[in-house]
Amino acid sequence: MSDILSHTDAGVMSLTFNRLDKKNAITSAMYTAMADAVAHAASDAAVKVLVFQGHESIFTSGNDIGDFLNQAPSTQASPVFRFLRGIATFPKPLLAAVAGPAVGIGTTMLFHCDLVYAGDNAAFSMPFVNLGLCPEAASSLLVPRMFGYHRAAEALLMGEAFFAEAAQEVGLVNRVVPPTEVNGYVQSQARKLAGKPLSSLVETKRLMKGNSQEEMLQKMDEEGQSFGRMLREPAAKEAFGAFMEKRKPDFSKF
Ligand code: COA
């Protein structure tokens, strides 16, 4: 069975992370599948709303670390960057249902969603510093803008998890529901949106996003260059090596 399930019904395309044995860690092949599906959803008139969802116990543990080391993204054409640009410029409503951990890109992708619903077990984290890396997905721009600088600094410099209630308080999450209900709830919201005129949905989203898109894409490119460089540096090598060897990283030399 595919690691990304795709299902379209009544104007709603749903992409489901389906790699539970690896906590829905995202491989390059999964990014390719998602980037292709997002591009298709953007242009197909039969799709009015796109939904990302995971399992009631986990949204995603972020980049698959082994795969990331083997196929480090090096250009803007890399699957992960193609996926990020696809969601950042997606013209139609984009929804997410998050239960359990949403690590790294599992959290940063949410800043590009229009509506986010969370299970009360949701745990959001952006542990880039703890991995010897830096923010991606324009999160260094979008997190301070949404959270305020000091809360953003806590999330991005400390890299610790924050939970559903805090995420709702800062505006990242629209509503918190029991984990077993979150996918069903997002589907019902998506169906409501799919019953509305697409041209109005698209125009409303375009107007709300205003002129911010150019700045956001530039930040994403700038972060991508730093991220790609830092991935090859000793601190990241130590962090990823430690994860593979199931030990704590030692950053005392970096
Ligand atoms: N990449 C690759 N494999 C991963 C992974 C990832 N991001 N996250 C989890 N896995 C694998 C584990 O190695 C383990 O594999 P194994 O059974 O072959 O040993 C399996 O998934 C289960 O993970 P485990 O850590 O035992 O589950 P948990 O419930 O204790 O913890 C997480 C879940 C998500 C909190 C934890 O797995 C985690 O922190 N993962 C890494 C997150 C991360 O740093 N992501 C990178 C962001 S750039």
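## Pockets, patches and salt bridges in a predicted model

Ala-10 sits in the loop between strand 1 (4–9) and strand 2 (12–17). Ala-10 is not a glycine, yet it has a positive phi of about 50°. That stands out, because most residues other than glycine have a negative phi. With a relative accessibility of 58%, Ala-10 counts as exposed.

Towards the other end of the numbering, Lys-246 has a phi near 50°, again a positive value in a residue other than glycine. Lys-246 is placed in the segment after helix 11. Its relative accessibility is 79%, so Lys-246 counts as exposed.

### Around helix 11

Helix 11 covers residues 234–244, and Met-244 belongs to it. Met-244 is partly exposed, its relative accessible area being 48%. Together with Leu-69 and Phe-243, Met-244 makes a nonpolar surface patch of about 310 Å².

The largest pocket has a volume of about 700 Å³. It is lined by 27 residues, and those closest to its centre are Ser-61, Asn-63, Ile-65, Leu-131 and Phe-243. Helix 2 (65–70) and helix 11 are the elements that give two or more residues to this lining. Which element gives the most to the lining of the largest pocket? Helix 11 does, with five residues. Sorted by class, the lining of the largest pocket holds 15 nonpolar, six polar and six charged residues.

Of its 19 lining residues, Phe-111, Cys-113, Leu-142, Met-146 and Lys-209 are the closest to the centre. At least two lining residues of the second largest pocket come from each of strand 6 (115–119), helix 5 (139–147), helix 9 (198–209) and helix 10 (212–231). Its lining divides into eleven nonpolar, five polar and three charged residues.

Strand 6 also contains Val-116. Is Val-116 buried or exposed? Val-116 has a relative accessible area of 2%, so it is buried. Val-116 and Ala-96 are 20 residues apart along the chain, and their C-alpha atoms are separated by 4.9 Å.

How many cavities of 30 Å³ or more does a search of the whole structure find? The search finds one. The largest cavity has a volume of about 50 Å³. Its lining is made of Asn-63, Phe-68, Pro-73, Val-80, Phe-81, Leu-84, Glu-136 and Phe-227. Helix 3 (residues 79–88) gives the most to the cavity lining, with three residues. By class, this lining has six nonpolar, one polar and one charged residues.

### Salt bridges

The structure holds eleven salt bridges.

| Salt bridge | N to O distance |
|---|---|
| Asp-221 and Arg-85 | 3.1 Å |
| Glu-203 and Arg-206 | 2.8 Å |
| Arg-247 and Glu-245 | 2.7 Å |

The side chains of Asp-221 and Arg-85 meet in one of these bridges. Asp-221 lies in helix 10 and Arg-85 in helix 3, so the pair ties together parts that are 136 residues apart in sequence. Asp-221 is partly exposed, with a relative accessible area of 25%, and Arg-85 is partly exposed at 31%.

The pair Glu-203 and Arg-206 is within helix 9, where the two are three residues apart and therefore separated by about one helical turn. Glu-203 counts as partly exposed, at 35% relative accessibility.

The bridge between Arg-247 and Glu-245 belongs to a network of salt bridges that links Glu-238, Glu-245 and Arg-247.

Why does Gln-225 count as exposed? Its relative accessibility is 58%, and exposed means over 50%. Gln-225 and Leu-5 are 220 residues apart in sequence, and their C-alpha atoms are 30 Å apart in space.

Note on methods
Residues are numbered from 1 along each chain as its sequence is written. This is a predicted model: local features need pLDDT of at least 70, side-chain atom pairs count only at pLDDT 80 or more; totals for chains, interfaces and linings use all residues. Side-chain values use heavy atoms; hydrogens and water are left out. Patches are made of residues with over 30% relative accessible area and no salt bridge: like charges are joined within 9 Å, nonpolar side chains (Val, Leu, Ile, Met, Phe, Trp, Tyr) within 5 Å. Accessible areas come from the Shrake-Rupley method with a 1.4 Å probe; for residues, only the protein chains shown count as cover. A salt bridge is a side-chain nitrogen of Lys or Arg within 4 Å of a carboxyl oxygen of Asp or Glu. Helices (H or I, at least four residues) and strands (E, at least two) are DSSP runs, numbered from the N terminus. Buried means under 20% relative accessible area, exposed over 50%, partly exposed in between (1.4 Å probe, protein chains only). On a 1 Å grid over the protein atoms alone, a cavity is a set of points where a 1.4 Å probe fits but cannot get out, and a pocket is an open set with protein on both sides within 12 Å along at least five of seven lines; lining residues have an atom within 4 Å of a point. Grid points are joined across faces, edges and corners, and a volume is the space filled by probe spheres set on the points. Ala, Val, Leu, Ile, Met, Phe, Trp, Tyr, Cys and Pro count as nonpolar, Asp, Glu, Lys and Arg as charged, and the others, Gly among them, as polar.
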